[in-house]
Amino acid sequence: KVKIKGIERELICPACKELFTHPLILPCQHNICHKCMKEILFAFEDSFADGGSESSNQSSPRIKISSSSLDRIDRISRSGRKRNSLTPRSTLFHCPGCQRDIDLGERGINGLFRNFTLETIVERYRQAARAAIAIMCDFCKPPPQESTKSCMDCSASYCNECFKIHHPWGTVKAQHEYVAPTTNFRPKASISYILMCPEHEMERVNMYCEICRRPVCHLCKLGGGHANHRVTTMSTAYKILKDKLSKDIEYLISKESQVKAHITQLDLLLKETECNSEKAKEAASQSFEKLSHVLEEKKFAALRAIEASKNLRMEKLQMQAEEYQGLLENNGLVGYAQEVLKETDPSCFVQTAKQLHVRIQKATESLKSFTPAAETTFEDFVVDIAKQEEILDDLSFHSNGVEIPEINEEQSRIYNKALISWEYPEKTDSADSYVLEYHKLDREEQSVTWQEVELCSKSKVIFDLDDDSSYAFRVRGYKGSICSPWSREVVLRTPPAPVFSFVFDDKCGYNSEHLLLNPRRTSVESRAGYPLLLGSERMQVGCYTTLDYIIGDTGIAKGKHFWAFHVEAYSYLVKVGVVSNNKIQKLFHNTHDMTSPRYDQDSGHDSGSEDAFFDSSQPFTLVTLGMKKFFIPTTPAAPKDPASRILPLPPCLGICLDYDKGKVGFYDAGCMKCLYECEVDCSGIMYPTFALMGGAAVHLEEAVTTNYGEYHDDI
C-alpha cells in the first residue's frame with residue numbers, strides 16, 4: 001500500500017494549484033492537467049487568430065505557433081507565393097512548473113502521453129482523504145447515524161439498520177454490491193489502462209526510445225521518426241528504471257536520520273535568518289537615516305545661501321530704486337538742486353553747487369546707461385545632482401564577494417533577435433541571479449530609460465528591437481541581496497531591415513554532382529572532385545570552369561529584407577547577390593557562365609575593359625568573394641584604383657534588398673556597416689543567389705531562437 005500522507009505537494013497541478021485531473025506529461029517531465037493545458041493554449045488564441053485549429057478533435061485546441069513558423073508564414077505572404085497548406089507547425093507551451101517555453105512538436109497536445117500512474121495515485125489520495133471524514137447515513141432520521149456500508153448500485157450510504165430496511169432479504173436489492181463507506185460510486189473493479197501511441201492511435205506502445213526518452217510503438221521504429229534511434233523493449237526499460245528508482249528510494253529511507261538532522265538544522269537556519277534580517281534592516285535604516293541627515297544639512301545650507309543672496313540683492317535694488325526716485329521733480333536730489341538754484345549769493349552758490357553738480361552728472365550718466373544693481377536670476381544657485389542621482393540609482397548592497405560579469409561580445413549577436421551572453425573573467429559562478437538592462441541609443445532623447453530583465457541564466461534572448469538601431473547592454477550579478485557593479489556597456493546594432501528566413505533550394509537548378517547540401521539545407525559546399533578536373537581537362541588554354549549556382553527556396557515580391565551568411569576562409573571563389581525569377585533560367589542555362597570573361601579562346605587579348613562589360617551585362621546583381629577578400633564590382637562610381645576596391649572579407653556578410661526602391665546593399669553583418677550598394681532591377685520575384693567554384697562553402701546565419709533547455713532522464 002502507498003502511504004498517502006505527506007505527498008500532497010507532488011499531486012498538485014502547478015497551473016490550477018489543485019489535485020491533478022487527467023494529467024499529461026510534458027517534454028520537460030513536468031505534469032499538468034489536461035484542462036489547464038487547453039486553457040493556457042486557448043489564452044494565446046487572440047494573438048494568433050490566423051493560426052486556426054490543428055484538427056476538428058476537441059482535445060486539440062487552437063495552438064500558439066512558434067516564431068520560426070510565423071516567420072516562414074510571413075515571408076511566404078510577403079513573397080506572394082503560396083506554400084503547401086500542410087506546412088508543419090510547431091506548438092510552444094509555457095510550462096508553469098519550470099517556467100520554460102516547451103516545444104510540443106507538430107502534433108501539439110495530441111502528442112503527449114497521459115500519466116495514468118499519477119492519476120491512480122491521486123485517486124488513492126482522494127479515497128484516503130474521504131476515509132478520514134465520517135460518512136453519515138443518507139436515510140436516518142435526524143440526527144443521522146454514521147454509515148457502515150455504501151451500496152454501489154443505489155449510490156448511497158447506510159447504517160446497519162437502514163441497510164436492512166432498504167435491502168430486505170429475498171429481494172433484488174439484497175443482491176446489490178456494497179462496499180465500505182465511500183462517496184466514490186464508480187465501479188469497484190480497477191480500470192486497466194492501455195498506453196497507446198500518440199502518432200499511431202491504434203498501436204500500443206511496446207518499446208522505449210533511448211534517444212528521445214519516451215515510449216514508442218513498432219511503427220515508430222519501422223518507418224516513423226524513431227527509425228534510426230536506439231530503442232529497447234518496454235519490459236527492459238521498466239525493469240531498469242524500477243530498479244534505479246527502488247534503489248534510490250531505499251537509499252533515501254536509510255538516510256532518514258540524516259534527513260531529520262538536516263531539517264533540524266534548517267529550522268535553526270530559518271530562525272537565524274529571521275534574526276539576521278532584522279539586524280540588516282536596522283543597519284540599512286540607519287544608513288539611510290545618515291544619508292537623509294546629510295541631505296537635510298545640505299538642503300538647509302543651500303536654502304540659507306539663497307536667502308542671504310536674496311536679501312543682499314533686494315537691499316541693492318531698493319537703494320537703486322530710492323536713488324532714481326530722487327531724480328524726480330521736487331523729490332530727492334532734483335528737489336534739492338532746485339532749491340540750490342534759488343540761492344542768489346554767488347559765493348554761497350558756488351560752494352554748494354560744486355559738489356551737487358558732480359552728483360547730478362553721475363545721475364545723468366546712470367540714466368543714459370541703466371544697469372540694475374543686482375541680478376534677479378539665481379542660476380548660480382542651481383544644485384547639480386546628476387552625478388548624485390547616478391550614484392543613488394546604483395545604491396545597493398555592494399560586496400567584494402560578487403564579481404563583475406562581462407558581456408561576451410563574440411557569443412552575443414543580433415539577427416532576428418538579440419542574444420546576449422555574459423561570463424566572469426575567472427570562469428567562476430559567484431552570482432545566483434542577474435539583471436540585464438538595455439536601451440536604444442537615441443541622440444534626441446534627453447534622458448535614458450533602461451529596460452530591465454531579471455533572470456538566472458547567463459544568456460538572454462531579447463525580442464521586439466527596432467530595425468537599423470543601436471542598443472546598449474549591461475549586466476550585473478546578484479547573490480541574495482548583494483549585487484555587483486554594472487558591467488561595461490556593449491553596443492550592438494540591429495540589421496537595417498527585418499530578417500528574411502529561407503533555406504537553399506535543392507530542386508531549381510541544383511547541381512548535386514558539384515554541390516553538397518547539409519540535411520537542413522542551411523549550408524552548401526562546392527566539391528572540387530573529378531567532374532571539375534574533367535571539365536578543366538577539356539580546356540587547352542586557361543582555366544574556364546563553370547560556376548555552380550544555387551538559390552533560396554523563397555522569393556521576395558515587396559518590402560525591405562535582410563539576410564546574413566558566413567563564407568569559409570578557404571573558399572576560392574563565391575558570388576552572392578539576388579536574381580529575378582524571370583531570369584533564373586538564363587542564369588542556370590548560360591553556357592558562357594565562366595569565372596573569367598575571356599571565355600572565347602580566340603579573343604587574342606586580355607583587356608581589363610572586358611571585365612567591366614561582363615559585370616554590366618549579367619542578368620543579376622552579384623558581388624565576388626574569395627581568398628578572404630570582398631571585391632567591389634567595377635562601376636563608373638567605383639574607385640579607379642583596383643587596390644581600393646578590394647576589402648577584407650568580414651566574418652559574417654549580410655545582404656539587404658529594398659524591393660520597393662530597387663536597391664541592394666552588402667553589409668558587414670558584425671557591425672552592420674554597408675560595404676557596397678547598387679541599384680537592381682526588381683521586375684519580378686527576387687531570390688537570394690549564390691555561386692561557388694572549386695573549394696568553397698557558404699553557411700546561412702542561424703536565427704536566434706529561445707533556449708528551451710535540456711531535459712534529462714534516468715534512462
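**Close-up views of a predicted model**

**Figure 1. Packing of helix 8 against helix 9.** In this predicted model, helix 8 (residues 332-340) and helix 9 (residues 346-368) have axes that come within 11 Å and cross at roughly 150°. Because angles over 145 degrees count as roughly antiparallel, helix 8 is roughly antiparallel to helix 9. The crossing of the two helices is left-handed. Helix 8 contributes Leu333, Tyr336, Ala337 and Val340 to the contact, while helix 9 contributes Phe349, Thr352, Leu356, Arg359, Ile360 and Ala363. Sorted by class, the residues of this contact comprise 8 nonpolar, 1 polar and 1 charged.

Figure 2. Asn408 lies in the loop that links strand 13 (406-407) to strand 14 (413-414). The relative accessibility of Asn408 is 13%; since buried means under 20%, Asn408 counts as buried. When neighbours within four places in sequence are set aside, the contacts of Asn408 are with Ser421, Trp422 and Glu423.

**Figure 3. Gly105 in strand 4, shown with Pro27.** Gly105 belongs to strand 4, which covers residues 101-105. With a relative accessibility of 22%, Gly105 counts as partly exposed. Pro27 is 78 residues away from Gly105 in sequence, and the C-alpha to C-alpha distance between Gly105 and Pro27 is 9.9 Å.

Figure 4. Ile133 has a relative accessibility of 58%; as exposed means over 50%, Ile133 counts as exposed. Ile133 and Thr182 are 49 residues apart along the chain, and their C-alpha atoms are separated by 9.8 Å.

**Figure 5. The whole protein, as context for the close-up views.** The protein contains 13 helices and 34 strands. Of its 715 residues, 34% are buried. Contacts between residues at least 6 apart in sequence include 61% that join residues at least 24 apart. The accessible surface amounts to about 45400 Å², and carbon and sulfur atoms account for 53% of that surface.

Terms used. Residues numbered from 1 in each chain as written. Predicted model: local features only at pLDDT ≥ 70, side-chain atom pairs only at ≥ 80, totals over all residues. Heavy atoms only, no water. Axes fitted to C-alpha atoms, helices over the stretch in contact; angles between N-to-C directions. Helix = DSSP H or I, 4+ residues; strand = E, 2+ residues; numbered from the N terminus. Parallel < 35°, antiparallel > 145°, perpendicular 65-115°, else oblique. Left-handed = near helix turned anticlockwise from the far one by under 90°. Contact = heavy atoms within 4.5 Å. Nonpolar A, V, L, I, M, F, W, Y, C, P; charged D, E, K, R; others polar. Buried < 20%, exposed > 50% of the residue type's maximum accessible area, 1.4 Å probe, protein only. Areas by Shrake-Rupley, 256 points an atom, 1.4 Å probe, with all protein chains shown as cover.
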